[in-house]
Amino acid sequence: MASTTIDAAATPPTPTAPPSHEVVDRTNRRWALGFAIAALGLWAFYKFALESMPGGVQDAFQTWLPLTAVNEAIVWVICAIGLNIVVGYAGLLDLGFVAFWAIGGYCAGWFMSFFLGQYDITFHFLSAAPPTQSGIHINWWIVLAIAGAVCAFFGILIGAPTLRLKSDYLAIVTLGFGEIIPQVFVNGEDIAGFNLSNGTKGITPLDPITALPVGPEAVSRPLGPFDLETKYLLFALIVAFCVFVSLRIREGRLGRAWLAIREDELAASMMGVPLMRSKLAAYAVGAFMGGLGGVVFAIHVNGVFADRFNFSISIILLAMVVLGGMGNVWGVMIGALGLAWINSTFLPKLGETVNDALDTEINFPSYNFLIFGSILVLMMLFRREGLFPETRTRELVQEPERTELEDMHADLEGDVR
Amino acid sequence: MSQGAVGEPLLQVDDISVYYGNIAAVKGLSMSVPQGAIVTLIGSNGAGKSTTLRTISGLLHPKSGRITFEGKEISRSPGHEVVGMGIAHSPEGRRIFPRMTVDENLELGAFTRDDKEGIAADRDHVLELFPRLAERINQKAGTMSGGEQQMLAVARAMMAKPRLLLLDEPSMGLAPVLVDLIFDTIEKIRESGVTILLVEQNALAALRVADYAYVMESGFLKLQGPARELAEDDEVVRAYLGG
């Protein structure tokens, strides 16, 4: 036995610096506290404080930061945190994440509306829908779990055949998957006579959600379309769940396995990390969160519409992860909030303001991809690790991964001249 | 120091052939590694040494032939299971995890184990073998020098508590003084009861620490014998060992 040869007295002094995961824990606790305060503060602000503000301030908030934009941004946050598991933690490029968003959305469509009533199915479970309505009406918390599970299953399904593929090829396969699934829903009105998705007409409206299925009126009343503050709180709770899961898994055995795979797949396998199982787990957990995001989005817009699930969603999600800082769940959250806000509110409102002032007709929102693209290019040139890189990346990015030629300080510009 | 074969063969390789697609990298190789020995596998670049190690550790599978470890056939076992059986592999080119600290690298070396106390004891043991690593325990592995990274690669493999340690080119790219240090450590590891299969291009250094040696050339086994005899045979040294 190796250890029996050691004389106990000769054991080197245990290093005194704290283990790095303790440092990470402390950092995360600080961030978590900050976010809890910010999230609750925002809620209290919209719920109580905004009404008593002067009209100008109220208008400014209604214009530049309406609560509905915040709620939509939360959908992006949930999905980006999911994608971060796949891309940031396990290092697997995924260009088709919109598929899970769509599948999650349709789970809400199927299980929270009249829709399946067309096949004479009627089932109610802890739902706020009128009991006489046909179709499947399940409490939304349970639908969240179902959607997560269904997406995790599809995550494994897409993951399994792609496991042997590396970077570019993997990206292309996931890209294909992200195209196929939404197309299935777009054309899903008549699949051998079965109406899966109602095609581009979509499934709307959905059942109203309740904070709790039973209990006093205050917590079990159905939330109407204008009950944005309460929905905001509930959605924020789901974000908290995703963050919690991300952080716990990260520090556990599976998280270590992902990290090792991201750093060096071959070496990871030599350490006894089961590559297949660990990668599939990453797909499954990421997809689970994508499913949650899909349900939340469906609730937010009160319906599922097939033509909304397009490739650009996958790309924007990836941009959010890269911008925020791959692997750092807090950074990803900030990246998602920021880009979602730019996309949904800032560009349109800026456009209105500028066009009003200059009497022009520039379509600002249509420049969003120019802006996102530029952000990505600038990030790759000047800050590859993202705005808020994870702690472990921060120290090493002084020497970012350049190409081998660059490493050798080869004279690449000589070509151009 | 023991010489020649010591005790039962721990690892037995019988007539294996390994292919990359249609290209045979190892052709009909047989070798045995006795319990408690240092056996070295030497030969020039592209002779099939690393392929052999990767086949033993389950990253590749032989097209024909069999590998048995402690009497159990492992030729078809996937890599992550082979580690659990007691074979650890310190890969060519170190391949430490650059963005993890030294400590986290060691922790990953023990990935297949769950005996907390045993892991802590082995962590102390490898830090005693490589005091330099103890000094850098919370440093990101990617920021260390090549020699330190090599030490970490060996230490990390030791964390799996292997009964057989596969070392692929541990002296590659190191300054002579560090090469000596690594080879001294290899002997210390053997003294602690771990059997070692060492792949080296630095043949003379390998023959100095090894008990028994196999020489490969273009996928074939060319020569074998007690390490000391091979090292002293001028003809062998000239023909195969670049002496």
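Select chain A: of its 417 residues, 40% are buried (20 or more other C-beta atoms, placed from the backbone, within 10 Å of a residue's own; 12 or fewer is exposed, in between is partly exposed). This is a predicted model, where local features need pLDDT of at least 70, side-chain atom pairs count only at pLDDT 80 or more, and totals for chains, interfaces and linings use all residues. Residues are numbered from 1 along each chain as its sequence is written, while chains are lettered from A and ligands numbered from 1 in the order in which they are written.

Now colour chain A by secondary structure, and you'll get 16 helices and two strands (DSSP runs numbered from the N terminus: H or I of at least four residues, E of at least two).

Next, pick A:Ile78, A:Ala80, A:Ala108, A:Met320 and B:Ala155. These touch the most other members of the largest nonpolar core, which has 181 residues (a core is a set of buried Ala, Val, Leu, Ile, Met, Phe, Trp, Tyr and Cys residues joined through C-beta atoms within 7 Å). Helix H3 of chain A, residues 67-89, gives this core its largest share, 16 residues.

Zoom in on A:Met320. Setting aside neighbours within four places in sequence, its contacts are A:Trp76, A:Ala80, A:Val332, A:Gly335, A:Ala336 and A:Leu339 (contact: C-beta atoms, placed from the backbone, within 7 Å).

Then show helices H12 (residues 311-324) and H14 (residues 368-382) of chain A. Their axes are 11 Å apart and the packing angle is about 35 degrees (axes are lines fitted to C-alpha atoms over the stretch in contact; angles run from 0 to 180 degrees between N-to-C directions). Which residues make the contact? From H12(A) come A:Ile316, A:Ala319, A:Val322 and A:Leu323, and from H14(A) come A:Phe372, A:Ile375, A:Leu376 and A:Met379.

Go on to A:Asn302, in the loop between helix H11 (275-301) and H12 of chain A. Buried or partly exposed? A:Asn302 is partly exposed, because 14 other C-beta atoms lie within 10 Å. Not counting residues up to four places away in sequence, A:Asn302 touches A:Thr204, A:Pro205, A:Leu206 and A:Pro225.

Last stop: chain B, coloured by pLDDT (the predictor's confidence in each residue, from 0 to 100). The chain B average is 91, and 95% of the residues score at least 70. Over residues 1-6 of chain B, though, the pLDDT is below 50.

Note on methods:
Two residues are in contact if their C-beta atoms, placed from the backbone, lie within 7 Å.
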